[in-house]
Amino acid sequence: MISFYPGPSRVDENIPRYVQEAYDTGILSINHRSDEFMELAKDTVTELKAKLNIPENYSIFFVSSSTECWEIMAQSLIKNGSHHFYNGAFGEKWLMYTEKIRSNAIGHRFEMNDKLKTAELKLTPDTDTICITQNETSNGTQVHNYQIEELRAKFPDQIIAVDATSSMAGIDLDFKNADFWYASVQKCFGLPAGLAVVACSPRALEKALEVNDISRYNSMPSIIKMMQKYQTTHTPNVMGIYLLNRVMQDRKNIRFIDQEIRNRYSMFLTLLDEVGLKPLIENKEVQSYTVLPVSSDPNTISKLKMEAQKEGLILGNGYGNLKETTFRIANFPSIKMDEITLLKNFLLTHR
Ligand SMILES: *Cc1c(COP(=O)(O)O)cnc(C)c1O
């Protein structure tokens, strides 16, 4: 079965070999306070920064999931209040998680075919944090680097937090324009679930120390303190970190991957046109490069999903209320070109 599900998604083809390797080297049984672990964590940080073009002065943290990042954010980086700009289910969930922890979370929904209108944004004066979902996995939209750059220019004093769960390691993100970036690894990293990567600016670190929430095991000040010696607050997902390390070692720099992802995305758009299907998102300026929802009538959608399954291809279900009228195609780096060709041939022969 070849999965085009946008998370959990097709894992890197070398995972079986790396798992064996992890077992053989004994890394799976090491103590997480040992030198071996600290070496692994340090090397993984170096690898991530080099391959994803993360600024040298940013800090990397390992946590368990993007959902956990919603909570870490709310607890540790918001003092007065946050503004959440969202157009889909994941951005909305982030807002809901924050509301449970902090009373001053304000949500701003925008239409999925509209751009985030950075110039018109108005924040209440005491806002300290702005939250955006860079790649909204539920509807296949994205906020481009240049828009985050505009946000940075307009709000130099706020913390900008970015959910990049389904784009980090897939597209070339400009990390310097925001402060708290995170992604769990079961999407563009092509890894099994259970680990998330956080990239934090020096300013976000300062902010966390200023807010000084220290009441939880995953409070930022504790995470920061432990990571200074390449350790974690809890026994971490060592296997996940090992696999992340190996997969990142093998990957080319994100510049090249970004280009491949864009080429594949254009190819998919041309293909959809050829077979008479439509992308859910019509506005080219907001279409995601990594998650492509295809829209049609419920009959066609369910028929295509069923026939695809018979041929060993798993199309991603539409998300939430888009379930009946869309299916989603993950355009993630770990999916191989010959697998995409199979999907292409499938669509050409079944439409
Ligand atoms: C998948 C996803 C999440 C949730 O990730 P978990 O690993 O399940 O916590 C959050 N945000 C976005 C944009 C996602 O695509």
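How much space lies in the largest cavity? I looked this up and found about 100 Å³.

**Ground rules.** I am reading a predicted model, where local features need pLDDT of at least 70, side-chain atom pairs count only at pLDDT 80 or more, and totals for chains, interfaces and linings use all residues. Residues are numbered from 1 along each chain as its sequence is written, and side-chain values use heavy atoms, with hydrogens and water left out.

**Entry: cavities.** I counted three cavities of 30 Å³ or more in the structure. I noted the meaning of the word: on a 1 Å grid over the protein atoms alone, a cavity is a set of points where a 1.4 Å probe fits but cannot get out, and lining residues have an atom within 4 Å of a point. Grid points are joined across faces, edges and corners, and a volume is the space filled by probe spheres set on the points.

The largest cavity has 16 lining residues, and Asn87, Phe110, Thr141, Gln142 and Val143 are the ones nearest its centre. Two elements give two or more residues to this lining, β3 (82-86) and β7 (141-142). Helices (H or I, at least four residues) and strands (E, at least two) are DSSP runs, numbered from the N terminus. I sorted the lining of the largest cavity into seven nonpolar, six polar and three charged residues. For that sorting, Ala, Val, Leu, Ile, Met, Phe, Trp, Tyr, Cys and Pro count as nonpolar, Asp, Glu, Lys and Arg as charged, and the others, Gly among them, as polar.

Next I turned to the second largest cavity, with about 70 Å³ of space. Its lining includes Phe61, Tyr217, Met227 and His234. Both β2 (59-63) and α7 (220-227) supply at least two residues of that lining, and β2 gives the most, with three. Here I found six nonpolar residues, five polar and one charged.

**Entry: the ligand.** Which residues are around the ligand? I listed Ser65, Ser66, Thr67, Trp70, Phe90, Asn135, Thr137, Asp163, Thr165, Ser184, Gln186 and Lys187, where near means having a heavy atom within 4 Å. Helix α3 (residues 66-76) gives the most to this shell, with three residues. The shell divides into two nonpolar, eight polar and two charged residues.

I then looked at distances from polar side-chain atoms. Asp163 has one 2.7 Å from a ligand nitrogen atom. For ligand oxygen atoms, I noted 2.9 Å from Gln186 and 2.7 Å from Lys187. The protein covers 86% of the 390 Å² of accessible area that the ligand has on its own; such areas come from the Shrake-Rupley method with a 1.4 Å probe, and for residues only the protein chains shown count as cover.

I ended with Asp213, in the loop between α6 (202-211) and α7. Asp213 is buried, with a relative accessible area of 7%, and a polar contact of 3.1 Å joins its side chain to that of Ser215.

Conventions. Polar contact = N/O pair within 3.5 Å; in protein donor to acceptor, adjacent residues only side chain to side chain. 1 Å grid on protein atoms, 1.4 Å probe; cavity = no way out; pocket = protein on both sides within 12 Å on 5 of 7 lines; lining within 4 Å. Buried < 20%, exposed > 50% of the residue type's maximum accessible area, 1.4 Å probe, protein only.
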